[in-house]
Amino acid sequence: MTADLLSQFFSGHRERLDRALEACASRGHFSAFDESPSPRVYGETAAAEGKKAYDAWLGKEFPLTTPGSDGTVATERSPYGFELGVSYPRVPATDEAVEALLAASRAGMRAWRDAGPEGRTGVCLEILDRLHRRIFELANAVQHTSGQAFVMAFQAGGAHALDRALEAIAYAWTEMTRTPATAVWEKPGRGEPLRMEKTFTVVPRGVALVIGCNTFPTWNSWPGLFASLVTGNSVVVKPHPGAVLPLAITVQVCREVLDEVGFDPDLVTLAAEDPADRLAAVLAVRPEVRLIDFTGSNAFGEWLEENARQALVFTEKAGVNTVVIDSTDNFKAMCQNLAFSFSLYTGQMCTAPQNVYLPAGGIDTDEGEKSPAEVGAGIGAALDKLLGDDARAVELLGGVVNPGVLERLEAAGSSGEVLVESRTVTHPTYSDATVRTPTLIGLGAADAEVYESECFGPVAYLISTSDTDESIDRFRDTVTRHGAMTASVYSTSGTVIDDMREAALDAGVALSENLLGAVFVNQSAAYSDFHGTGANPAATAAYTDGAYVASRFRVIQSRRHL
């Protein structure tokens, strides 16, 4: 281990860490990584070099070594219509392979533990810095595995994901350094005081398993990966078969930095699978695995919570995100804001709104009273303006990530009145891309069997209720039972806003109020907004609070007389 290099890493990135710590404490605006892919920010050649680096992986074997692997596997197809053809070491779901992988993962943990909070934090900050240098390469990888449009992939998959990772490291630093490394304890007595020296060591829980998702492979994986790694755990990264490359690059950088500073690179490994193997389910119940981070379906998330009893399980699953419309003083801006929120990445976000409740008798607006049909027409007009030009539309919609999204979209019309039809969009660059605009379906309050479950993708429901009180009651009840990542309200009434705040607290979901401008309910800001709450069935944790990191380690003490 190179102590000087460890010290250089920490001191070199200390200012960035301190600014993140300050932002977490103040909840003010901060970003350590510029979200604009402009050449004025990153240089004239950065975009072309990143694209070239991404292109170089296509059709090739990715140069990673994974203990326990046998052969390779290539499973990725771009939502823009082509096979990536990148192959990765395949970890079979056999006892022999899994034991070899986990044994290698654990082998370097003692030295990693002994590096201490400062050493580990410096290494993790250096990894983030090197990932940032490859942000254009990562953005292309995220775009062509998730279907996000390039700018969104650059922002959400690059800059914002880096900020969420840094946020997790900052919280971990706070929790790891809350207790001093050493202390002298002195108890007064009749004679000489009783004196003891005590040592407190941050000790990891064990192997951490990060199970990646298809839609946000970096944004949803990096917080857990770095929260576990910086607190002394080793990490096995099991990517979604459709989105391996962004996490393969991540693991490559982690291993590069660990090896450079003298740690075992197998502290971070990539476990790519043949989808038929169900490797995640096999790894998740191994006794060596003590931490699990998962983003994905309710079915597997609940299976993990019920079956991986030996591990602490952090899940982000499905929810029923809700908007309550009571009234507005800017009808046009409200419709525009909702249209954008429905459209962003084709609604393939865990934060995208789905259920929009409003009174059947209509809402008061600056344009007079509007019936549910007129509200639907207003949103439809906003969607037409936003997405009417295909070349512009694809930069917001991106591509449909998998066939399941299309199937749900095509079936949605049979559940109610189609207020806004989805249409096929032709991508000007990728002719085989699958691109669709959102649909808006009119329902009644009695159609609970439709709107009480998530319809992931570009489907939203406009649900007529008897009045705003019923809208709020249904919001509270549905989210309490089924979960949500976001909620929103539009009202000019202070009483209604207060009632929604209370309902959101009861249901355990974050609330946005009267969003009309360039802030949208599906977006959250690192260091200021909590993503998820852990207080409703949609997620067991939040990005990021102290609870997300503090339980990933324990403080073990030793003491002696002085």
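Grid points are joined across faces, edges and corners, and a volume is the space filled by probe spheres set on the points. Of the 33 residues that line this second largest pocket, His240, Phe294, Thr295, Gly296 and Ser297 are the closest to its centre. Helix 11 (279-284), strand 10 (289-295) and helix 12 (298-307) each supply at least two residues of this lining, and helix 11 gives the most, with three residues; helices (H or I, at least four residues) and strands (E, at least two) are DSSP runs, numbered from the N terminus. By class, the lining of the second largest pocket divides into 15 nonpolar, 11 polar and seven charged residues, with Ala, Val, Leu, Ile, Met, Phe, Trp, Tyr, Cys and Pro counted as nonpolar, Asp, Glu, Lys and Arg as charged, and the others, Gly among them, as polar.

The largest pocket holds about 1,200 Å³ of space, and 46 residues line it, of which His160, Asn522, Gln523, Ser524 and Ala525 lie nearest its centre. At least two lining residues come from each of helix 8 (150-176), helix 15 (390-397) and strand 18 (511-513), with helix 8 giving the most, seven residues. The lining of the largest pocket has 25 nonpolar, 15 polar and six charged residues.

## Basis of the values

The model is predicted, and local features need pLDDT of at least 70, while side-chain atom pairs count only at pLDDT 80 or more, and totals for chains, interfaces and linings use all residues. Residues are numbered from 1 along each chain as its sequence is written, and side-chain values use heavy atoms, with hydrogens and water left out.

## Salt bridges

The structure holds 31 salt bridges, each being a side-chain nitrogen of Lys or Arg within 4 Å of a carboxyl oxygen of Asp or Glu. One of these joins Asp266 to Arg255 at 2.8 Å, N to O. This pair links distant parts of the chain, with Asp266 in the loop between helix 10 (245-260) and strand 9 (268-270) and Arg255 in helix 10, 11 residues apart. Both Asp266 and Arg255 are buried, where buried means under 20% relative accessible area, exposed over 50%, and partly exposed in between (1.4 Å probe, protein chains only).

The side chains of Arg77 and Glu83 also meet in a salt bridge, at 3.2 Å, N to O; Arg77 is partly exposed at 45% relative accessibility, whereas Glu83 is exposed, with a relative accessible area of 52%. A further salt bridge, at 3.8 Å, N to O, pairs Arg501 with Asp498, and these two residues both lie in helix 19 (residues 494-507), three residues apart, about one turn of the helix. Arg501 is partly exposed at 40% relative accessibility, and Asp498 is partly exposed at 40%. Elsewhere, a network of salt bridges links Arg16, Glu126, Asp129, Arg130, Arg133, Glu256 and Glu260.

Five strands form an open sheet with parallel pairing in the order 9-8-7-10-11, where two strands pair if DSSP finds at least two bridges between them. Strand 9 and strand 11 (312-316) stand at the edges with a single partner strand each, so one side of each is left without a neighbour in the sheet. The twist averages 15° from one strand to the next, with axes taken as lines fitted to C-alpha atoms, for helices over the stretch in contact, and angles running from 0 to 180 degrees between N-to-C directions. Strand 10 and strand 11 run parallel and are joined by five bridges, and the bridge partner of Asp293 in strand 11 is Phe314.An open sheet of three strands has the order 5-6-19, with antiparallel pairing. Strand 5 (182-187) and strand 19 (553-561) stand at its edges, each with a single partner strand, so one side of each is left without a neighbour in the sheet. Neighbouring strands of this sheet are turned by 30° against each other on average, direction ignored. Six bridges join strand 5 to strand 6 (residues 194-204), and the two run antiparallel; Thr182 stands opposite Thr199 in strand 6.

## Helix 9

Nine of the nine residues of helix 9 (residues 222-230) are buried, so this helix is largely enclosed by the rest of the structure. Among them are Trp222, Pro223, Leu225 and Phe226. Just after helix 9, Gly232 takes a positive phi of about 105°.

Technical notes
1 Å grid on protein atoms, 1.4 Å probe; cavity = no way out; pocket = protein on both sides within 12 Å on 5 of 7 lines; lining within 4 Å.
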